[in-house]
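This report describes selected features of a structure. Please keep the sequence and the structure in view while reading.

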Amino acid sequence: MSDDHVDGNALAGDLREIFAVDLTAATGRCAGCGHRGSVAALRVYRNAPGLVARCPECEEVVLRLVRGPDRAWLDLRGTVSLEIPLGS
Amino acid sequence: MAIVSPGFSGRRRSSDVQLPPGQYLAEDFPVLTAGPTPRVPTDRWELTISTEAGHRHVWSWQQLMELPAEKITTDIHCVTKWSKLGTRWKGVSLDVLLEEVETAADFALVQSYGGYTTNLPLEDLLDGQAWIAYRYDGDEITPEHGGPARLLVPHLYFWKSAKWVRGIQLLLEDEPGFWETAGYHDYGDPWREQRYQGD
Amino acid sequence: MARTAVSGRLTWRVASVAENRAITASARSLVLDVPDWPGHLAGQHVDVRLTAEDGYSVQRSYSIASAPDGNRVELAVQRVADGEVSPYLCDVLSPGDQVELRGPVGGWFVWRATDPAPVLLVAGGSGIAPLMAMVRARAEQGSRVPFRLVYSVRTPEDVYFADELRRRAREDAGLDVHLVHTRRVPDGAPEPKRIGVATLNTHGWPPDFTPNCFVCGPTGFVETVADILVALGHDPRRVRTERFG
């Protein structure tokens, strides 16, 4: 039961509260193993005090999101960088 | 301001007992996790307490079992707002484990199998406030709930009671752990509702 | 044409229930009226939030099952036996009631009619919801993109939108629908079985057609199907997944 994870699609709403564009279609590189993939394909554990997104290859934490009453904390140190499609 | 959903009450029931502010009573024992569940066989399990001077004190499972243990009945409070009253545990007090440890450190960083960490002042691990627990409700602690052994420090929010505990580093300076670096409070007193940084 | 421009940060808004009707014995179609709904892409979802009088709140995500249609948004909600949210949405929310909503969100698990590649949709149980939005959007936009839907359910009574799928399989040119029953089959049908390599080989597209594949359902189902598609030779970047957990 606790190994239940979903995927990065589940981050869409919370990230969309912070950023003016959808981030699930963004591509990130894992700082742990270098795997490149979309945010939507991350393994997301959400039965927690925050959202934890892990690399589908090496399971290292790529992103963490904590939502407080009037603030959010977004920790992206597990990502080397994010490439975000913006349209033209 | 959120609108109220008439007739919605969720899974909680109301409590006559005084709970810390913002908490609700849980009927079950929710499992919260930030990653895959570590599964550590007791013949591989070790607990290491290391000091600021680099000295390491290590206990195997067998050695842990030989230490005097206590039965603890306590209330636990999760930062996600559920509380569970009268939970029953068995474990070894940190006072016993730290008895032979020489240190001038003021802080502790607790480490778990699987990479989880959490920090708290060393004094909050002493004086009958904390245990390495290895039984819950008369049974072995299941992996989902942090077995084979977890830290139990119930006077703080339960994210400080690190599951799958494998080590405690004693430090001269406070080092925020997994949730503390992501916005949660460094101390975490439920009665002062210290959930987030700055609370 | 779907209005999809959503600028600025998204926040919660209040929707009214227009309809709440049964689609199977344990699932309901919830149609919401959302003022100033900006439209959505097929595949996107919304977050729904319930708040008790004492401030306790929970939220859950639900895929939008409808094609864009003014202020109307349809969700398919499976009643989870000991769930916190679904029993309320299924059994308590009535036409006229209000509920909080945030969306539309999700920009990766979406289908756009501008992409000419053939499409394979694989649904596990309630995972049909976003794929139904894609089937409906395709029809509504008059798209000729070839679609194949493989829909896995336990029993014939568990099929969501059963009548509509039968009708569309007949009337929507270029849409094929194949049901897989895993526990009990309709009379005269072959033995129950789970989706496997043979099913996806027969009822999917050959990899050299470079189809876009969308797989949605419980985590285990999605991972099994995605692995099979990749093993069959589909480009992993063309296999998009949405896990319900």
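## A helix of chain C

In this predicted model, helix α5 of chain C covers residues 219–231.

Which residues of α5(C) are buried? They are C:F221, C:V222, C:V225, C:A226, C:I228 and C:L229. When α5(C) is seen down its axis, these buried residues fall within an arc of 160°, and therefore they line one face of the helix. They pack against four elements of chain C, namely β7 (119–124), α4 (197–203), β10 (212–217) and β11. On the face turned away from the buried side, α5(C) carries the exposed residues C:G220, C:D227 and C:A231.

## The sheet of chain C

Chain C has an open sheet of six strands, arranged in the order β4-β3-β6-β1-β2-β5 with antiparallel pairing. Strands of a sheet pair through backbone hydrogen bonds, either parallel or antiparallel. Why is one side of β4 and of β5 (72–78) of chain C left without a neighbour in the sheet? These two strands stand at the edges and each has a single partner strand, so one side of each lacks a neighbour there. From one strand to the next, the twist averages 40°.

Within this sheet, β3(C) and β4(C) run antiparallel and are joined by seven bridges. In this pair, C:H45 stands opposite C:S63 in β4(C).

## The sheet of chain A

In chain A, five strands form an open sheet whose order is β1-β4-β5-β6-β7, and the pairing is antiparallel. The edge strands are β1 (6–7) and β7 (72–75) of chain A, each of which pairs on one side only.

Strand β5 (residues 51–54) and strand β6 (residues 61–67) of chain A pair in the antiparallel sense over four bridges. Here A:A53 stands opposite A:L63 in β6(A).

## A hairpin in chain B

Strand β6 (residues 107–112) and strand β7 (residues 117–121) of chain B run antiparallel and are joined by five bridges. B:F107 stands opposite B:P121 in β7(B). The hairpin formed by β6(B) and β7(B) has four residues between the strands, and in it B:G114 takes a positive phi near 95°.

How many residues does each chain give to the contact of chain C with chain A? Chain C gives 20 residues and chain A gives 17 residues. On the side of chain C that touches chain A, β6 and β11 (239–243) of chain C each supply at least two residues. The residues of this side divide into five nonpolar, 10 polar and five charged.

The contact between chain C and chain B takes 16 residues from chain C and 11 residues from chain B. The elements of chain C that give two or more residues to the side touching chain B are β3 (45–51), β4 (57–63) and β6 (98–105). By class, the side of chain C that touches chain B has nine nonpolar, three polar and four charged residues.

How values were computed. Residues numbered from 1 in each chain as written. Chains lettered and ligands numbered in written order. Predicted model: local features only at pLDDT ≥ 70, side-chain atom pairs only at ≥ 80, totals over all residues. Pairing = 2+ DSSP bridges. Contact = placed C-beta atoms within 7 Å. Nonpolar A, V, L, I, M, F, W, Y, C, P; charged D, E, K, R; others polar. Axes fitted to C-alpha atoms, helices over the stretch in contact; angles between N-to-C directions. Expected span 1.5 Å × (residues − 1). Buried ≥ 20, exposed ≤ 12 C-beta atoms within 10 Å, placed from the backbone. Arc of directions from axis to C-beta.
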